[in-house]
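Please open the model in your viewer and keep the selection tool at hand, as this tour moves from one selection to the next.

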Amino acid sequence: MDDFTPFSLENTLQCGQLFRWKKNDGSWTGIVAERVIKIRQKANVLEFEGANASFIKGYFRLDDDLQLIASCINRDHLMERALHRFPGLRIARQDPWECLISYICATYKNIPAIKSMISELSRRFGQKILFEGKSHFSFPTPDSLANATVNDLSSCGLGFRARAVREAAKHVRTGKVDFDSLKKASCKTAKSELLCLPGVGNKVADCTLLFSLEKLSAFPVDIWMKRVIKDHYSQNFDALFDKSLTEGNSLSTKAYERISEFAQGYFGKFAGYAQQYLFHYYRSLRNKACKS
DNA sequence: GTCCAGGTAAGAT
DNA sequence: ATCTTACATGGA
């Protein structure tokens, strides 16, 4: 398969949006729905097993016109650097159920810990899949998490998130939230539905919208976006608001909405892409600083 | 051992 | 309405 440029498997899998992929000597192995996929990129050729080309194309959103998206969000020097530093980074098309639970778990946790939680949840409550002689585990169904005890969930490292995960699973199982209809609904309507779920606030809702419900304008605001806004976009806000963006104190609902709405107006209909580039770029700067 | 993490929700003002 | 604080756990 070779009609997908620009695309970087590395940048797409490493940017922090996905939690189920591992790299081993040049190729990546990941669990997607009920499959194990092994994939690698050589220049402009993708080699993979475990799925067909159309699945890969859909999963990595290779039909998005990334050139167009990049030109839309490239509004300033910072974005230009981010786009240049991580070319070919694409938003993946995640399964909404897995995405929702993953980002409920992501609350107030670092990425290695999130990966460990998801892996453990899958090992305990998912289905075993054999691939190249090794056991892998699919993400648990809504049923299996709804039936789990809070204690069992907690022992996967979920901590206080266990209750929210279990309750959210119940809502999905009963069809109280229906992801297919949320895909068709407007961003605003879909978000208000998601916000009814336990453990889901503005940020988790926006991640679910962006990464799994086709809402590419959704702009999740986490601690990294707060830092980016404070460091590079504060001139778009009043001084008092900027001052409230200090490290340590969490974002109020009001502040969240001000930032997210600013970003959607500023970056446009692909603001979610802008968010992911900024997220990955800003984290990479900090990680570099830590190593030196 | 300390710090902090892709925030949320309950309680206080 | 809006602001403040507790929160379980584990990786860095």
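Helices here are DSSP runs of at least four residues, numbered from the N terminus. The model on your screen is a predicted one.

With that numbering in mind, go to the loop between helix 5 (96-105) and helix 6 (111-125), and select Tyr108 there. Although Tyr108 is not a glycine, it has a positive phi of about 60°. Tyr108 counts as exposed because its relative accessible area is 75%, where the cut-off for exposed is over 50%.

Next, keep Tyr108 selected and show DNA strand C, which is surrounded by Tyr108, Lys109, Pro112, Ser154, Gly159, Phe160, Arg161, Ser250 and Ser252. If you look at the atoms of DNA strand C within 4 Å of the protein, 48% of them belong to sugar or phosphate, and the rest belong to bases.

At Phe160, a polar backbone atom is 3.3 Å from a sugar or linking oxygen of DNA strand C.

Finally, select Glu214, which lies in the loop between helix 12 (202-212) and helix 13 (223-232). Glu214 has a positive phi of about 70° although it is not a glycine, and it is partly exposed, with a relative accessible area of 32%.

Notes:
Residues numbered from 1 in each chain as written. Chains lettered and ligands numbered in written order. Predicted model: local features only at pLDDT ≥ 70, side-chain atom pairs only at ≥ 80, totals over all residues. Heavy atoms only, no water. Near = heavy atom within 4 Å. Polar contact = N/O pair within 3.5 Å; in protein donor to acceptor, adjacent residues only side chain to side chain. Helix = DSSP H or I, 4+ residues; strand = E, 2+ residues; numbered from the N terminus. Buried < 20%, exposed > 50% of the residue type's maximum accessible area, 1.4 Å probe, protein only.
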